[in-house]
Structures are given as C-alpha cells and as structure tokens.
Amino acid sequence: MTGGKRLILQLLVVCLAAPVVRSGWLQGTATFYGGSDGSGTMGGACGYTNLYDQGYGLDNAALSTVLFNDGASCGQCYLIICDQGKSTMCKPGTSITVSATNLCPPNYDLPNDNGGWCNPPRPHFDMSQPAWEKIGIYRAGIIPIVYQQVKCWRTGGLRFTMLGFNYFELVLVTNVAGSGSIKSISVKGTNTGWMQMSRNWGVIWQGMSGLMGQTLSLSITSTGGQNIVCENIIPAGWHFGQTFSTWRQFDY
C-alpha cells in the first residue's frame, strides 16, 4: 500500500469517531512545549490561567501567527493526525483534539523551514508534550500533520471572570463549547442599556463603563453565529477576580 493510500485509510478510520467537522483537512506541522507534565502550557497569550480550572486541560496547543488570528482563534478546537505518508515518526491509528490556548510567536531570525516553525505563513501547532506524544514519537521533535477545526465539547456552561479595576472592567470568557471562540460580547448594567465590548486581548473583553455595584447581563455571540443572552448573570455585589458560571452553552 502506498503512503498516500495509507494516509487516506487512516483518515477514514479516525473520521468514524471524530468530532463534528468544521473545515476540510489541511496540512501543517506540530512540535511540543511545556514539559512532560504540560505545566509550562498554563497561562499564555489567550488570557487563560489554570487550564484545568477553566475547562481545557492539557490537550492544548499554541498556534502559529497565521492561525492565532490576533487572539480571535483562542478556544477553538482542532483534530490533528500525524501524516504517516510523510514521516515514520507517527504513532499509527492515533489522533488528538486540542484547544487553542496560546500563541506560538514567530522567530524571524530562523528560516521558516528550519526552526522558524511559527513564522507566517506556516500553519503550525506547538502542542503540550502530553498531547503531542499521543500522535508522535518523542525523538522526532517535529512532525508533519493534517488537521481540521472541529466542534468543541465542554463540561458545564460558560464561565465569566471579572478582571480589571473600577471604570475599566474586563471579562474573561472560558469553557466555551461549539465553535470554541467568541465573535462579540455586549454588557448591560442595572442602570444602562446594552453596550458593545471590545476584545482587549485573547479571550479577555473590555468595557470602560464604571459598572461596579450593578447587576450585569451579558449577550455573547460565538464565531459560529449562535447568540446566548445571560440575564443578570453577575450580581450587584460582584468584585474583581470572581468567576460566575451559567448552565447555558454553545452548540455551534
């Protein structure tokens, strides 16, 4: 059997049990970071802190510049398979679904094909080591992959963490299912109408409106186009650092 036919057969087998597909198969590469326990992947350019507490765990990856999309891709999920047709360092019959939780920054001092893996226009995933080793052999270091964006599945509902300081409110949105990422957010206080928030960075949204002491409602639209309105989700006595959860969750 040729390498191409082996890859097609592998894709067919994996697709039988794969998550809901959002795009076609694309080619890229993958490396790993963060240590054997994945602890080095906590935090990062999306604004997440403890990935366990926020519903993401260690099946995560930092995206190259072209995939990161200035933080708009944070939270999205990708099904990844090592391309056996191009490498003997794959673990046959395996796949992994990862969540985008960080940026893999470019290194313009290195060429794109020799160390500058995250330079534009390369699609590259710098995965947590535990996730990467589910599909690749450790000594390879870097492997060719095929990937596609898929639906995210999360346990529980959306979570909102209040950050910032008075007159500069920030909301960190986590545990997002469906498309996994947020297109827009509006906030309404007890004494205000609906006000559009803007992306501060990653999954952190800002609104400079002095909303302290007010009960807050949030209207969230996913990049899949679904809108969820959480009425009075944040009580009047909220303070910075608190996290509030809802049973509401995105399907797409």
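Which residue in β12 is the bridge partner of R199? The partner is W205. This is a predicted model, in which local features need pLDDT of at least 70, side-chain atom pairs count only at pLDDT 80 or more, and totals for chains, interfaces and linings use all residues. Residues are numbered from 1 along each chain as its sequence is written, and side-chain values use heavy atoms, without hydrogens and water.

**Hairpin**
- Strands β11 (residues 198–201) and β12 (residues 204–207) run antiparallel, joined by 3 bridges.
- Strands are DSSP runs of E, at least two residues, numbered from the N terminus; two of them pair if DSSP finds at least two bridges between them.
- The hairpin has 2 residues between its strands, and G202 takes a positive phi near 55°.

**Annotated domain**
- UniProt, in an unreviewed entry, lists residues 167–246 as "domain: Expansin-like CBD"; such annotations may be inferred rather than shown by experiment.
- That stretch is 0% helix (H or I runs of at least four residues) and 55% strand, with end C-alpha atoms 25 Å apart.

**Cavities**
- There are 2 cavities of 30 Å³ or more.
- A cavity is a set of points, on a 1 Å grid over the protein atoms alone, where a 1.4 Å probe fits but cannot get out; lining residues have an atom within 4 Å of a point.
- A volume is the space filled by probe spheres set on the points.
- The largest cavity holds about 60 Å³. Of its 13 lining residues, C74, G180, S181, I182 and V203 are the closest to its centre.

Technical notes
1 Å grid on protein atoms, 1.4 Å probe; cavity = no way out; pocket = protein on both sides within 12 Å on 5 of 7 lines; lining within 4 Å.
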